[in-house]
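Student: I have a model open and would like to talk through its architecture with you. Could we start with the overall make-up and then work inwards?

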Amino acid sequence: TPPAEKFEYQAEVSRLMDLIVNSLYSNKDVFLRELISNASDALDKLRFLSVTDPQLLKDTYDLDIRIQTDKDNGIITLTDTGIGMTHNEIVDCLGTIAQSGTAKFLKALKDSKDAGTDSNLIGQFGVGFYSAFLVCERVEVSTKSPKSDKQYVWEGEANSSSYTIREETDPAKLIPRGTRLTLHLKRDDKGFAHPEKIQKLVTNYSQFVSFPIYTWQEKGYTKEVDVDEDPAEAIKDEQDGKTEKKKKTKTVVERYWDWELANDTQPIWLRNSKEVTTEDYNEFYKKTFNEYLEPLASSHFSTEGEVEFKSILYVPSIAATGKDDIVNPKTKNIRLYVKRVFISDDFDGELFPRYLSFVKGVVDSNDLPLNVSREILQESRIVRIMRKRLVRKAFDMILGITMSENRDDYARFWENFGKHMKLGCIEDRENHKRIAPLLRFFSSQSEEDVISLDEYVENMKTEQKDIYYIASDSVTSARNTPFLEKLVEKDIEVLFLVDPIDEVAIQNLKSYKEKNFVDISKEDLDLGDKNEEKEKEMKQEFGQTCDWIKKRLGDKVASVQVSNRLSTSPCVLASGKFGWSANMERLMKAQTV
Ligand code: ADP
Ligand code: MG
């Protein structure tokens, strides 16, 4: 046999292992969830690849997970028939940290003050494969990829900075395909190697795994067995004149071991929504998207008719930072299934517009081909219809948050995803009607709390026809602008657009409930209080003054006019009707610098 090769862990892995082994004591249970989820991922990958390459299944057609316990020796074995790993994949996957969940965990640890001791974190994130070392002193991973004709064994120990890889040579240990983990439990954790314990953990943690999970359980059945008749009894019967002989039997329990299905493999989105609780939805969300916070809202629906699909969508409770920014999202937020087969989480862009890229969820279609590609998706009429429905459902879900009993919910949504809604005003004309009621702004009459356009409209004066706004860089400077004077005097509310994107968003909307948005800093602002007589008088009186000022300022201004829009300030710089507002000009300048 070729000797085992020795490898050193990447530094981060060593650090993580050290932490797991020495600092995290509670909530050890999660190791099983993590290992099962890896097995499930491996089965997903295989099932997906086998759609185009059925040969991959030839070594075994079973796609399942089996867990066996040996309580005398404190060993658990967990076997899947998934994609397995080649030698190189073992080194890449089990010696370095490239995986999102684990990276997130490390970051959260860094952020949390009380790093080493916060064992709760591990429960929230899981740290993937390495959580095996919460309970193990030694782990063997024996794995066979269909791409390789050899089976390899990775072996690692709890307090070691290196691991080994060797070829599997024991014929008794060969598997047709997939991965078998042999978990040698620490002395204090041998209790996990009990069939009932494992069964309980599986039902607790793995209810959303869509492959069957079998556990090895002791079973029993009762059976009647003949007993030889007691001779004394026989004589007695004869004396009593009972001639007909009764056969005597007794009941015994026959014991044996067998696999028992431990989970319900029907995906949650296929269940009847009446039978699924909010907790179930939230649990599914956290498990599927590696999240530790509950979502703000969820929506489970199916569509019928022209295009059939089922979906569960979620609004996260905080915006993701970093890699999936608003302009260039790459989020893996939508998991696409075709007939229950996981296809990809790379198609968010095809199923949702980018301003809704924060929405997470699963979509399962019966109408798409299993070997669906980005090109197919982009051309597909079915996908266009799906996209439309998904977007509508997403808006219904968001609208639901505005009606939540807890007012903070929408405040939270707006704080995290308000920008996305404004981007929607710019990028999705078709859905203006759905986006506009979700917008929130400060105003001259509400500087502390944002208001909705509906609230604005309700508060309009009877003679008021337009929705007034002023764009500025802050509430304070908006409040102090001279343009506001006349409107404040008349008690007319003015929206304060203080986010750079606000003005462009509003200009794209143009109107709300047939009321136009009007910038109060534009020259032709008409408050419906024109007094032509008086204006004529004023023009006559100050005409020469205006000409003189225009001459002095030259090209710096387009014109100098007498205005009725001020009440206390002597003059104001207004923008031309067709020009940029001062705010836009400021923004454009900032852009070109
Ligand atoms: P993650 O699951 O987030 O990718 P893990 O630490 O749980 O991170 O697993 C690391 C990697 O090891 C996986 O991405 C996968 O490539 C590989 N792996 C782990 N378990 C298995 C398995 N049972 N079968 C095949 N590959 C596996
Ligand atoms: Mg994992």
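Student: So what does the secondary structure of the protein chain come to?

Tutor: Before anything else, please keep in mind that this is a predicted model. The protein chain comes to 19 helices and 20 strands, and 33% of its 593 residues count as buried.

Student: And how much of the contact count is between residues 24 or more positions apart?

Tutor: Among contacts in the protein chain with a separation of 6 or more, 73% are accounted for by residues 24 or more positions apart.

Student: On to sheets. What is the strand order in the open sheet of six strands?

Tutor: The order is β16-β15-β18-β17-β20-β19, and the pairing is mixed. At its edges are β16 (446–452) and β19 (511–512), each of which pairs on one side only.

Student: How do β15 and β16 run, parallel or antiparallel?

Tutor: Strand β15 (residues 440–443) and β16 run antiparallel and are joined by three bridges; in this pairing R440 stands opposite S452 of β16.

Student: What about β17, which strands does it pair with in the parallel sense?

Tutor: Strand β17 pairs in the parallel sense with β20 (residues 515–519) over three bridges, and also in the parallel sense with β18 (residues 494–497), there over four bridges. On the β20 side, Y468 stands opposite V518, while in β18 the bridge partner of Y469 is L495.

Student: Is β17 mostly covered or exposed?

Tutor: Mostly covered, since five of the five residues in β17 (residues 467–471) are buried. I467, Y469 and A471 point one way from the strand and Y468 and I470 the other way, and all of these are buried.

Student: Which residues touch the most other members of the largest nonpolar core?

Tutor: Those are Y469, I470, V494 and L495, in a core of 72 residues. Helix α11 (residues 381–402) gives the most to this core, contributing seven residues. Apart from this core lies another, of 52 residues, with M17, I90, I97 and F192 among them.

Student: You mentioned α11. At what angle does it pack against α12?

Tutor: Helices α11 and α12 (residues 407–427) pack at an angle of about 130°, with their axes 7 Å apart. That angle is why α11 counts as oblique to α12. The contact is made by I398, I401 and T402 from α11 together with D409, Y410 and F413 from α12, and these residues divide into four nonpolar, one polar and one charged.

Student: Changing topic again, what is the order in the open sheet of five strands?

Tutor: That sheet has the order β10-β11-β14-β12-β13, again with mixed pairing. Its edge strands are β10 (297–303) and β13 (341–344), each pairing on one side only, and the twist averages 20° from one strand to the next.

Student: And how many bridges join β12 to β13?

Tutor: Three bridges join strand β12 (residues 334–338) to β13, and the two run antiparallel.

Notes: Residues are numbered from 1 along each chain as its sequence is written. Chains are lettered from A and ligands numbered from 1 in the order in which they are written. This is a predicted model: local features need pLDDT of at least 70, side-chain atom pairs count only at pLDDT 80 or more; totals for chains, interfaces and linings use all residues. Two strands pair if DSSP finds at least two bridges between them. A residue is buried if 20 or more other C-beta atoms lie within 10 Å of its own, exposed if 12 or fewer, and partly exposed in between; C-beta atoms are placed from the backbone. Two residues are in contact if their C-beta atoms, placed from the backbone, lie within 7 Å. A nonpolar core is a set of buried Ala, Val, Leu, Ile, Met, Phe, Trp, Tyr and Cys residues joined through C-beta atoms within 7 Å. Axes are lines fitted to C-alpha atoms, for helices over the stretch in contact, and angles run from 0 to 180 degrees between N-to-C directions. Angles under 35 degrees count as roughly parallel, over 145 as roughly antiparallel, 65 to 115 as roughly perpendicular and the rest as oblique. Ala, Val, Leu, Ile, Met, Phe, Trp, Tyr, Cys and Pro count as nonpolar, Asp, Glu, Lys and Arg as charged, and the others, Gly among them, as polar.
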